[in-house]
Structures are given as C-alpha cells and as structure tokens.
Amino acid sequence: MKLRSDLILRHIGDEYVIVEPGQDMVDLSKVYTLNNSAAWLWEELQGKEFDLSTIVNLLFDHYEISDDEVPAVQQDAESLLNIFKENGLLIDA
C-alpha cells in the first residue's frame, strides 16, 4: 500500500493537517489532523510502498523505545494504519 499522492500535509500553527487540494469548495469533513509523530510518519512514507512492519520499524529507528513499550508502539502503529485505511488515505500499490 501507499499513501495517496494527491493529498498534501500542511503545518498550520501547532497542528498538521492533510488536505485534498483538488476541492472546489472547502470541505472541512475532508481535512485530517495529525500529531507530530503521525505527521513525521506521513512524510517518511510519502511515495513509498509500506506495510505495518515498515511503520513499526520507522518508529523503532526514530525513537528510543524500551522493551516494555514495544507492544504499545505496535498497537499505535496498527491504529494509525487503520485510521489511514478507514479515511481513504491509502491506495493499493
């Protein structure tokens, strides 16, 4: 799978939002907010094929994660991937 290439990540104030630039009218139901970690992952995954293990490995490489935090990191990565899927932010590669 890949992130949709037509979506743009914007940093607005203290937030990151994903917008669909092709909209004729602003539709706030199609604006997605991300926290810092999710925005960083979005940028790292842009233009690449990936799966759940890719996300987990990126998090392990970027953050100092103790052994007792591993299950939570894996669960968070799975949750983020599911949110991307549920909101139509991914395409099958």
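In this predicted model, helix H1 spans residues 36–45, and its buried residues are Ala38, Ala39, Trp40, Leu41, Trp42 and Leu45. These buried residues pack against four strands: S1 (2–3), S2 (8–12), S3 (15–19) and S4 (32–34). They also pack against helices H2 (52–62) and H3 (70–86).

**The ends of H1**

Asn35 sits at the start of H1. A side-chain oxygen of Asn35 comes within 3.2 Å of the backbone nitrogen of Ser37.

**The fold around H1**

The protein has 3 helices and 5 strands. Read from the N terminus, the order is β-β-β-β-α-α-α-β. Along the principal axes, the C-alpha atoms fill a box of roughly 50 × 30 × 20 Å. The protein has 93 residues, and 30% of them are buried. Take the contacts between residues at least 6 apart in sequence: 49% of these join residues at least 24 apart.

**Aromatic pairs**

How many aromatic pairs does the structure hold? There are 2. One joins Trp40 and Tyr63, with ring centres 6.2 Å apart and planes at 75°, so this pair is edge-to-face. Trp40 belongs to helix H1 and Tyr63 to the loop between H2 and H3, so the pair links parts 23 residues apart in sequence. Trp40 counts as buried because its relative accessibility is 18%, under the 20% cut-off. Tyr63, at 33%, counts as partly exposed.

Trp42 and Phe84 also form an edge-to-face pair. Their centres lie 5.3 Å apart, with 85° between the planes. Trp42 is in helix H1 and Phe84 is in helix H3, so this pair ties together parts 42 residues apart in sequence. Trp42 is buried, at 2% relative accessible area. Phe84 is buried as well, at 0% relative accessibility.

Arg4 lies in the loop between S1 and S2. Is Arg4 buried or exposed? Arg4 counts as buried, because its relative accessibility is 15%, below the limit of 20%. A polar atom of the Arg4 side chain is 2.9 Å from the backbone oxygen of Gly88. The Arg4 side chain also makes a polar contact with the side chain of Glu20, at 3.4 Å. Glu20 is in the loop between S3 and S4. At 18% relative accessibility, Glu20 too counts as buried.

Which residues touch Arg4, leaving aside neighbours within four places in sequence? They are Glu20, Trp42, Gln46, Gly88, Leu89, Leu90 and Ile91.

**The largest pocket**

The largest pocket holds about 270 Å³ of space. Its lining has 15 residues. Nearest its centre are Ser37, Leu41, Leu59, Asp76 and Ala77. Ser37 is the residue whose backbone nitrogen is approached by Asn35. Leu41 is one of the buried residues of H1.

Which elements each supply at least two residues of the lining? They are H1 and H3. H3 gives the largest share, 6 residues. By residue class, the lining divides into 9 nonpolar, 3 polar and 3 charged residues.

**A residue of H3**

Gln74 is found in helix H3. Gln74 counts as partly exposed, with a relative accessibility of 39%. Gln74 and Leu7 are 67 residues apart in sequence. In space, they are 25 Å apart, C-alpha to C-alpha.

**Accessibility in brief**

| Residue | Relative accessibility | Class |
|---|---|---|
| Trp40 | 18% | buried |
| Tyr63 | 33% | partly exposed |
| Trp42 | 2% | buried |
| Phe84 | 0% | buried |
| Arg4 | 15% | buried |
| Glu20 | 18% | buried |
| Gln74 | 39% | partly exposed |

Definitions and conventions: Residues are numbered from 1 along each chain as its sequence is written. This is a predicted model: local features need pLDDT of at least 70, side-chain atom pairs count only at pLDDT 80 or more; totals for chains, interfaces and linings use all residues. Side-chain values use heavy atoms; hydrogens and water are left out. Buried means under 20% relative accessible area, exposed over 50%, partly exposed in between (1.4 Å probe, protein chains only). Contact means heavy atoms within 4.5 Å. A polar contact is a pair of N or O atoms within 3.5 Å; within protein, one must be able to donate a hydrogen and the other to accept it, and residues adjacent in sequence count only if both atoms are side-chain atoms. On a 1 Å grid over the protein atoms alone, a cavity is a set of points where a 1.4 Å probe fits but cannot get out, and a pocket is an open set with protein on both sides within 12 Å along at least five of seven lines; lining residues have an atom within 4 Å of a point. Grid points are joined across faces, edges and corners, and a volume is the space filled by probe spheres set on the points. Ala, Val, Leu, Ile, Met, Phe, Trp, Tyr, Cys and Pro count as nonpolar, Asp, Glu, Lys and Arg as charged, and the others, Gly among them, as polar. Rings of Phe, Tyr and Trp (its six-membered ring) pair if their centres lie within 6.5 Å; planes under 30 degrees apart count as stacked, over 60 as edge-to-face and the rest as tilted.
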